[in-house]
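Here's a quick briefing for anyone opening this model for the first time. Take a look at it, then read on.

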Number of protein chains: 2
Amino acid sequence: MSVSARAVTSATDNQVCPERLVVEHITSRWGMLVLTALLDRSYRFSELRREIGGVSEKMLAQTLQTLERDGFVHRNARPVIPPHVDYTVTDMGREAGERMRAMIQWVDDRMSAVVDARAAYDRVRAERDAATEAPPVARTR
Amino acid sequence: MSVSARAVTSATDNQVCPERLVVEHITSRWGMLVLTALLDRSYRFSELRREIGGVSEKMLAQTLQTLERDGFVHRNARPVIPPHVDYTVTDMGREAGERMRAMIQWVDDRMSAVVDARAAYDRVRAERDAATEAPPVARTR
DNA sequence: CGGTATCCGCTCGGATACTG
DNA sequence: CAGTATCCGAGCGGATACCG
């Protein structure tokens, strides 16, 4: 059984299906970092913020709320003063985090191949552009 | 050995490391749809556009170029009139696509759990908001 | 400490028009 | 057919200030 690309886009064009949104929550910029960080141990909000690095309070709070709502992260708030809140992965969140960690590791193992592919691609383009005397094209990031 | 969250963020905060960019290319909105579609067969540009549905020419071209440059997609242009171009996955792209397909399938299998988690989360929030008489919070998407 | 509220720049990404 | 070029609006995400 395979999942078709069609299966992940909705019937009416450009309307996203709920599955894709969940995939985006897991694979998102901060989502994947939160899930993989929580694989190792629980974190408090500020700890997690330092561990990940470069994430604003707003985005971390938003990411944690979304992942909690989807059932990937558990929020444990102890009603003391000052407040003490820590986050852990749920069983489902652990599976998701392990998948993302494996994905990141897989990419890491292939980075040299990616770098080579880019060099080859850029070289060919540079030659073509030199011949046509046209400027290079814009790229994603 | 495991991949830490730190490993995927750069030394200087908020500066992204190249690995994370590649992960984003693969998991991106259109990237994952392109890779999984190409697992089954090769596609021409317009075919792929119809198959995926809801993607603009601009974004499909951009996505294909990025994936080609990273070495995940192969572009085969036959110099005929009218032009005939088709796209296939490379060996590396096939692996990436299979990972994304597995990820999508995994999410699909757990959608009912996600829906339940959301209902529980929203119910608790609604109760809390009713008690505090405050409006609900904003969420990601 | 662990957030929320508000403001706002900037990039993503869609629509449209045009080209080889 | 397979793109490129240009314009532009929406919303992602950062900075700052404030609250329980």
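How many bridges join strand β2 of chain B to strand β3 of chain B? Six, between residues 73–78 and residues 84–89, with the strands running antiparallel. This is a predicted model, where local features need pLDDT of at least 70 and side-chain atom pairs count only at pLDDT 80 or more, while totals for chains, interfaces and linings use all residues. Residues are numbered from 1 along each chain as its sequence is written, chains are lettered from A and ligands numbered from 1 in written order, and side-chain values use heavy atoms, leaving out hydrogens and water.

**The strand pair in chain B**
- Strands are DSSP runs of E, at least two residues long, and helices are runs of H or I, at least four, numbered from the N terminus; two strands pair if DSSP finds at least two bridges between them.
- A hairpin of five residues links β2(B) to β3(B), and H74(B) sits opposite T88(B) in β3(B).

**Around DNA strand C**
- DNA strand C has 20 residues around it, "near" meaning a heavy atom within 4 Å.
- The closest include R44(A), R75(A) and M59(B).
- Sugar and phosphate make up 56% of the DNA strand C atoms that come within 4 Å of the protein.
- α4(A) gives the largest share of this surface, four residues.

**Polar contacts with DNA strand C** (N or O pairs within 3.5 Å)
- Y87(A) puts a polar side-chain atom 2.5 Å from a phosphate oxygen.
- A polar backbone atom of V85(A) is 3.4 Å from a phosphate oxygen.
- For K58(B), a side-chain N or O atom lies 2.4 Å from a base oxygen.

Note on methods
Polar contact = N/O pair within 3.5 Å; in protein donor to acceptor, adjacent residues only side chain to side chain.
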